[in-house]
Amino acid sequence: MCGIVGYIGERQAQQVLLHGLEKLEYRGYDSAGIAVFDGQAIRVKKKLGRLANLENTLNGHGLPGVLGIGHTRWATHGRPSDANAHPHGDCTGRFVVAHNGIIENYLRLRQELIQAGHQFRSETDTEVVAHLVESLYDGDLLRTVFKVAAKLRGAYALVVMSAEEPGRLVAVRKHSPLVVGLGDEENFVASDIPALLNYTRNVYVLEEGEVADITAKAVHCYRLDGTPVSKEVLTVTWDVDAAEKGGYEHFMLKEIYEQPKAVADTLTGRLSDDNRAVLPELHWTLGMARGIDRIHIVACGTAYHAGMVGRQILERLTRIPVEVEVASEYRYRDPIYTDHTLVLVISQSGETADTLAALREARARGARVVAVTNVVGSSVAREADDVIITWAGPEIAVASTKAYTTQLVALYLFACYLAQIRGAADPATIEEVLAGLRDLPDAVSKVLDTAPAMKAFAQQFAWKESAFFIGRGLDYVAALEGALKLKEISYIHAEAYAAGELKHGTLALIAEGVPVIALATQDHLYEKTVSNIKEVKARDAHVLALTWTGDEEMASVADEVLYLPRVSPWLAPAVVAVPLQLLAYFAAVERGNDVDKPRNLAKSVTVE
Ligand code: F6R
């Protein structure tokens, strides 16, 4: 997501900020900007696109000064543009703010501030913070920031500076990370350690709800209620490469571990207190929602698997017939549209050529298109009629992990939303799914504890030639995703089968020691899956079964059993995905593969 850098000291701030932002480029961004106090006033330069664009603008027109903040923006509220890039200022130019995260109540605050006479220059949620600082400023920036923070709802990291107090930066951490770098007669603040390592290895890691008051000579930390906090200095021993990965060996592992947060972020603001799915980004009339008579879901790869889960939940909750197809086939198939066909495209990057072509085809044929994407301002997001953003944050490893689980969350929300406004076909299942979604971040966090078990299993089978994944119903879809993950990074040949389909041919491939990963989370299909496990056991396969904690039968059926924290079977694909990602990851590591950049694959497939 966004990157923040702040500096106060004796060096020229511009160089420190640009260097720091460069080190945060790995987080993904679409625009960049810096603000520097030149002794008289705060000057700001912001530019859409790569950091190099900003550097070119500064060439020969640099911003002199020893106090500044910089930012790389990953668009959330408002498309990527010069105006929406940070830092953002108030009406007077005396205060500027850089922000990472989301201010959930920004619309109400913005309206109040506009009514009070404030003039806004961007579409961002961040700008309300600058105007709030302006309106609440009482001569002390720290005190003012406490007052501002009390008005904000959401997850954010903020760094604020003021021309009124040019010896000071104030930083707040609420859910989004911030670290303070400790120098000699100079101090720094950044969203991540790599931005600081050129200057210092001594840092304070701000904890949830902490505020740092930073001058060149000292850093004082407080809780948001003003209580002082004494911090321990952490000395960073990692190199820059490891620091970018947050201490994880690979981006993929980091992204697997980011899933509880990514899922929570994708749910933020979308579950109401009276247990409804809220998607204000869909500008639908009741008539439109009620009129939909069929849904086409179109996507590629992992996003297609998310779509397969989406079909089952949408059909169950809305009783609308749903087709799901890979985009490369859909675009050339001449699909049948009614006057009320809704097309749902799913794409992490929002740039996949086939998905984009399918979207264009559907729109040309008069269908309304809803996009589920992780990238605000991507082609898919720009061209769709409605967009549901997954707040996974940038996904850097080629193999999709957190984007997939957040796509599932978006689809569960969408299915509940549509069912609720149409008059639910199955209110009990909606309640079950919504309750399960609330607990999902916790369940995903718990299932990460399976890592040692998956590592041990992966080490046993990493050199096998092939593996089979079996399951029924939603477990079959989860099996497809598990097999894809294993193939793409470990290069082990892996196939997923609907468990009941094995005996129609594939069972011939099952022989002694062949690994079979069996998924058994669908209670109504449990006994049938157990029978299929017995079929492969009878051919001496080596079976790892994934089932819920408390299952007393499976241990006597499979060779190994991995127990998962129980969630509603409807949500099982989001939980099962995690150990299967870990399995693929550890198998790839064991084989010495380039986990983050597997051979022959690209992160964004912009060609047919
Ligand atoms: C697999 C993977 C790919 C993508 C597919 C679609 O781990 O990442 O299968 O899911 O290329 O990409 P997006 O979602 O960007 O359209």
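1. Helix α17 (residues 474-490) lies across β21 (466-471), β22 and β23, and runs at about 175° to β22. Contact means heavy atoms within 4.5 Å; axes are lines fitted to C-alpha atoms, for helices over the stretch in contact, with angles from 0 to 180 degrees between N-to-C directions. Helices (H or I, at least four residues) and strands (E, at least two) are DSSP runs, numbered from the N terminus.

2. The model is predicted: local features need pLDDT of at least 70, side-chain atom pairs count only at pLDDT 80 or more, and totals for chains, interfaces and linings use all residues. Residues are numbered from 1 along each chain as its sequence is written, and side-chain values use heavy atoms, leaving out hydrogens and water.

3. The open sheet has 5 strands in the order β22-β21-β23-β24-β25, with parallel pairing (two strands pair if DSSP finds at least two bridges between them). Ignoring direction, neighbouring strands are turned by 20° against each other on average.

4. Within this sheet, β23 (residues 515-520) and β24 (residues 542-548) pair in the parallel sense over 6 bridges. Leu 519 has Leu 546 of β24 as its bridge partner.

5. Helix α10 (residues 301-318) packs on α17 at an angle of about 175°, the axes being 9 Å apart. The two are therefore roughly antiparallel (angles over 145 degrees). On the α10 side the contact includes His 305, Met 308 and Val 309; on the α17 side, Leu 480, Glu 481 and Leu 484 are among the residues involved.

Terms used. Parallel < 35°, antiparallel > 145°, perpendicular 65-115°, else oblique.
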